[in-house]
Amino acid sequence: MAFIDLKDVTKAFHAGEEEYPAVRGVSLGIESGEFVAVMGPSGSGKSTLLSLVGGLSHATSGIVSVDGIDLGSLGPNKLSDFRREYLGFVFQSFYLVPYLTALENVMLPLTVQPGMNGTAGDAAQEALRKVGLAAKSRRLPSQLSGGEQERVAIARAIVNKPPVILADEPTGNLDTKTGDQVLDMLQDLNRGGHTVVMVTHNVENAKRAGRTIEIRDGQVVSN
Ligand SMILES: Nc1ncnc2c1ncn2[C@@H]1O[C@H](COP(=O)(O)OP(=O)(O)OP(=O)(O)O)[C@@H](O)[C@H]1O
Ligand SMILES: [Mg+2]
């Protein structure tokens with residue numbers, strides 16, 4: 001069984017009377033330490049696939065497991081423990097909290113862990129240093145550029161040192177230069193041992209990954 005393992009996974013959404021399968025019978029494995037790009041047309045099921053791997057939604061049928069943990073068997077509390085322990089999420093819209101500073105945004109995943117408050121600030125400052133924003137940790141998101149906000153979101157995703165980083169179009173809103181910096185950072189994290197799964201529309205971006213999984217109409221067409 002692979003580190004991230006999908007066995008005949010289907011995810012169907014209900015739209016009124018109709019049932020729409022966004023992911024259809026997908027089986028695939030991703031080993032620990034891989035950097036994988038996920039490509040495919042708009043609406044092909046890429047984000048849905050990422051949300052299944054991230055335990056943000058349950059499969060309609062089939063088995064999704066990470067590190068041997070069957071995500072379908074976990075209730076809401078266990079699932080949120082799993083996410084905190086294993087995952088860092090980087091999304092296209094950064095979801096930074098507007099009234100918290102960069103440092104406080106990065107501290108968020110830590111402050112929910114009992115006993116972590118003493119060192120949460122240090123860990124968050126260290127994560128901001130890694131993304132080149134140590135000097136701007138006291139700024140609000142509105143006082144940062146788009147690329148800087150994205151880097152705060154990456155710092156927040158890595159502050160827990162999660163084994164797996166899931167990134168959905170992490171460069172979608174960025175100019176080429178800033179996007180390249182974000183990709184450099186994901187590559188560095190991967191070299192540091194993190195498994196990275198990145199959805200992208202961009203063939204050049206996908207070349208950063210060791211392997212590309214192609215999705216069409218909810219099915220894997222090559223990997
Ligand atoms: N919550 C939902 N309810 C109903 N249908 C949904 C829901 N989320 C996604 N879908 C549908 O499932 C299909 C796959 O959506 P998904 O967001 O995974 O596509 P995507 O490959 O990420 O597309 P994009 O590149 O545009 O982000 C689409 O047809 C979409 O309309
Ligand atoms: Mg998407």
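This tour moves through a predicted model, from the ligand site to the sheets beside it.

Residues are numbered from 1 along each chain as its sequence is written, and chains are lettered from A and ligands numbered from 1 in the order in which they are written. In this predicted model local features need pLDDT of at least 70 and side-chain atom pairs count only at pLDDT 80 or more, while totals for chains, interfaces and linings use all residues; side-chain values use heavy atoms, with hydrogens and water left out.

**The ligand site**

The shell includes Phe-13, Tyr-20, Lys-46 and His-201. By class it has 4 nonpolar, 7 polar and 1 charged residues; here Ala, Val, Leu, Ile, Met, Phe, Trp, Tyr, Cys and Pro count as nonpolar, Asp, Glu, Lys and Arg as charged, and the others, Gly among them, as polar.

A backbone N or O atom of Gly-43 lies 2.8 Å from one oxygen atom of the ligand, and a backbone N or O atom of Ser-44 lies 3.2 Å from a ligand oxygen. The side chain of His-201 has an N or O atom 3.2 Å from an oxygen atom of ligand 1. Taken alone, ligand 1 exposes 640 Å², of which the protein buries 59% (Shrake-Rupley method, 1.4 Å probe).

Now colour helix H1 (46-53), which gives the largest share of the shell, 3 residues. Helices (H or I, at least four residues) and strands (E, at least two) are DSSP runs, numbered from the N terminus.

**The open sheet**

Show the 6 strands in the order E6-E7-E8-E3-E9-E10, an open sheet with mixed pairing; two strands pair if DSSP finds at least two bridges between them. Strands E6 (87-90) and E10 (219-222) stand at the edges with a single partner strand each, so one side of each is left without a neighbour in the sheet.

Within the sheet, E3 (residues 35-39) and E9 (residues 211-216) pair in the parallel sense over 4 bridges. Select Met-39 to find Glu-214 of E9 opposite.

**The hairpin**

Finally, turn to E1 (residues 4-15) and E2 (18-30), which pair in the antiparallel sense over 9 bridges. Ala-12 stands opposite Pro-21 in E2. The hairpin has 2 residues between the strands, and Gly-16 takes a positive phi near 65 degrees. E1 also pairs with E4 (residues 61-66), in the antiparallel sense over 5 bridges, where Thr-10 stands opposite Ser-61.

Conventions. Near = heavy atom within 4 Å. Polar contact = N/O pair within 3.5 Å; in protein donor to acceptor, adjacent residues only side chain to side chain.
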